[in-house]
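Biologist: Please look closely at a single part of this chain, and then tell me how its surroundings and the chain as a whole are described, with the cut-offs behind each term.

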Amino acid sequence: MSQSKSLAKRLTLRHVFFIPLRNIMMRRLFSIAAMALCALAAWAKPHDNTNRLWYDRPATVWLEALPLGNSRLGAMVYGGTEVEEIQLNEETFWSGGPYNNNSTTSLQHLDEVRNLIFQGQEKAAEDIINREFVKGPHGMRFLTVGSLCLDFGHKQATDYMRELDLQTAVATTSYIYNKVRYTRRVFASLADGVVMVNVKSSQKGALHFTLSHKCQFPLQVKAESQTLVATIPGVEQEGIKAALTAQCRTDVKTDGTVKVEGETLRVEGATEATLYISAATNFVNYHDVSGNAAQKNNDLLSKAETFKFDQLLKRHLEKYQAQYNRVTLTLPSSNNSQLPTDQRLDKFYGSDDLGMVALLFNYGRYLLISSSQPGGQPANLQGVWNDKRNAPWDSKYTININAEMNYWPAEVCNLSECAEPLFSMLKDLSVTGAETARVMYDCGGWVAHHNTDLWRIAGPVDGAPWGMFPNGGAWLTTHLWEHYQYTLDRDFLREYYPIMKGAADFYLDYMVERDGELLVVPSVSPEHGGRGKSTPVTAGCTMDNQIVRDVFTQVKEAAKILGVDADYRQTLETALAKLPPMKVGQYGQLQEWRDDLDDPKDEHRHISHLYGLYPSSQISPYLTPDLWKAAGVTLQQRGDQATGWSLGWKTNFWARMLDGNHAFKIISNMLRLLPNEGREREYPDGRTFPNLFDAHPPFQIDGNFGVTAGIAEMLMQSEPITWEHPAIHLLPALPDAWKEGSVSGLRARGGYEVSISWTQGHLATATLTPQSDGILRLRCKDQLQGKGLTLVAQHNGVLEYEVNTKAGQKITVKGM
């Protein structure tokens, strides 16, 4: 709590009313004091904390620390009083160096594997794949550059508070020690690429601390003048020698003195100190490591140090808020919103603190902005935050669901530019993956399997049950088409069309025709086998067919828009007609495989065959009602518990099932406290850590992004622009408990910006701003009224309207 808010809390009306009113002057003083008190009380009025994480004690473990990031750098702020720790990551500091993992023996065994699969000998096929296709290396890992430590020695602090303000992306720590208030502000500048720390004391000359750097890896630290430099060599992994070295440099500016004490800097007699922090490596791109880390840091810091802290903060806010402020979500909160965030989380389940859902939504947007900016690397399995020597799953890009999920909020939450690093990685993969396609399968186009890393490997890793997934790169290309659908940017489509087409080219060469159907073989339904199956290895599973259908359809439509490749479009049409259809199985479920092998008691975390429901739109209550109903049966069979990231996916699934109550139930299951890794037995249902990081467990950031997209899907859905009458559905899955609220700034396919408010569970107003002229279809369960609005259809209680649009002219509709 700030000093002003503490004062407002301590100053009550009785302090004013007992002032002796002896004369007019005193009465006037009373009046002025009363007005000042009212103004101060209004300013200090508790808010719903939907844009704020706060705590009443320092972090004791990493999953209590608060994340900051500017895509290039990640920082975790502990908020300590005795010792402040700021753990740091640099996005390009990975193990190993340039390499590929393409098997040179897979091709000679490909026909044998296919024949075994068609003969029902899938386990024998798996054994060959493990021996001849998946030879390693299995991917490099994301590393930490260690921690900057500020030793204050303040052991018994009082009036403590630390917070992360999502509206500013600033972490603040404040407390009193020995009658002096100390305040620290930390942010990772989006504008200037550095991490900034400002420390102040309320008493002149009372600030003293020692600055040091520690790391789990061997490092060299050099302290000189007002600069601390830590150099961390990279590490070898699976025989791939380290090609990267990281340098972290911290410059100190203060009104006190700075002394060099061995490998530390000692600040004494200061009232204020500002730290300018940068880290870099010699990485240039996936095949070039000739960069100069020291020069990168020098360039960034030299520029940053021409500004004072508050000037840099202003520059940061201008860039950060231009993205964060595009979207707002308002839901009612309860008194629990005033609790520290970890306590609020622990009390959420079964409460009416809907503001916690808004906080989770805002946090997801914050994390995406902080971990993925143009010119940088994509957000990995942990975003840009990792404190471990060996990150879970190496913190790689797992592209059989997790990396894709990271970017589900980008378009709908009006953060299109945050997807640029993903698109840049696709350019790299289309090159490395072309070599993989040629060497491993003698195919054109390009392929990437279920994992990649900084070095853009495209071959299979880990083993057949995971790695024999030749759809990862193709799935990623659907994000290119999604970006076009939301932005209608033809220049973008023209630039990336060759990458989309390359994915289709691979499938045309790789797929095998059997009994009149084109099948992806070998493949897997990610990480999951069926009843009676000894291995996930298969031919033409449902997810294969759905991804191929999207890729062929999207490339065909892109070529049509761009006016190119007419003959190729016909080739794709012919291939589309040969793709196996989705099937409904014996239990009424959507089949995961060509054969009816689903177990109705199976609650596996991967529900890959519902890709067609979300993120794709192949399963729809309007176009494919039988398949849509079967998808609902599958969801019921899989249950409402899962790993954190799977709950994020299930939120989207239930939103697409137009069942807001069930979607909210899934969110409620996600918002269950897990205090730390290793405490799963005490908290078996825990799926969110104290700092609101998603718990698989362990920490994976994809669940944060998945549920953010899911909340948006509950409030607004839009259909593919290639449909005959694509519609925007307002409040498609609003839970009964969300009676009041509003959302603004969401984006819809077709180039619309959408804002909605509702009351008593019904639409109040909606405003849509089109990017181009056209005809818009609107769906809503409520009757609507608005200029030019015409009712054209009704589907199971959902009304459908039509209205003509003009670019830039807002359309306002109201519920009746």
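Modeller: Leu110 counts as buried because its relative accessibility is 4%, where buried means under 20% relative accessible area, exposed over 50%, and partly exposed in between, with a 1.4 Å probe and protein chains only. The model is a predicted one, in which local features need pLDDT of at least 70 and side-chain atom pairs count only at pLDDT 80 or more, while totals for chains, interfaces and linings use all residues. Residues are numbered from 1 along each chain as its sequence is written, and side-chain values use heavy atoms, with hydrogens and water left out.

Leu110 belongs to helix H4, which spans residues 110-118; helices (H or I, at least four residues) and strands (E, at least two) are DSSP runs numbered from the N terminus. Leaving aside residues up to four places away in sequence, Leu110 is in contact with Phe133, Tyr441 and Pro522, a contact being heavy atoms within 4.5 Å. Gly80, by comparison, is 30 residues from Leu110 along the chain, and the C-alpha atoms of the two are separated by 57 Å.

Among contacts with a separation of 6 or more, 67% come from residues 24 or more positions apart. The radius of gyration of the chain is 28 Å, which agrees with the value near 28 Å for a compact globule of 816 residues; that radius is taken over C-alpha atoms, and the globule rule is 2.2 Å times the number of residues to the power 0.38. Along the principal axes, the C-alpha atoms fill a box of roughly 100 × 70 × 50 Å.

Another buried residue is His609, with a relative accessible area of 1%, which sits in the loop between helix H17 (566-576) and helix H18 (625-638). Its contacts, again without residues up to four places away in sequence, include Thr542, Glu592, Asp598 and Arg638.

Among the strands, E7 (residues 170-177) has six of its eight residues buried, so it is largely enclosed by the rest of the structure. Strand E6 (residues 158-165) runs antiparallel to E7 and is joined to it by six bridges, while eight bridges join E7 to the antiparallel strand E8 (residues 180-188); two strands pair if DSSP finds at least two bridges between them. Val170 is the bridge partner of Asp165 and also stands opposite Phe187 in E8.
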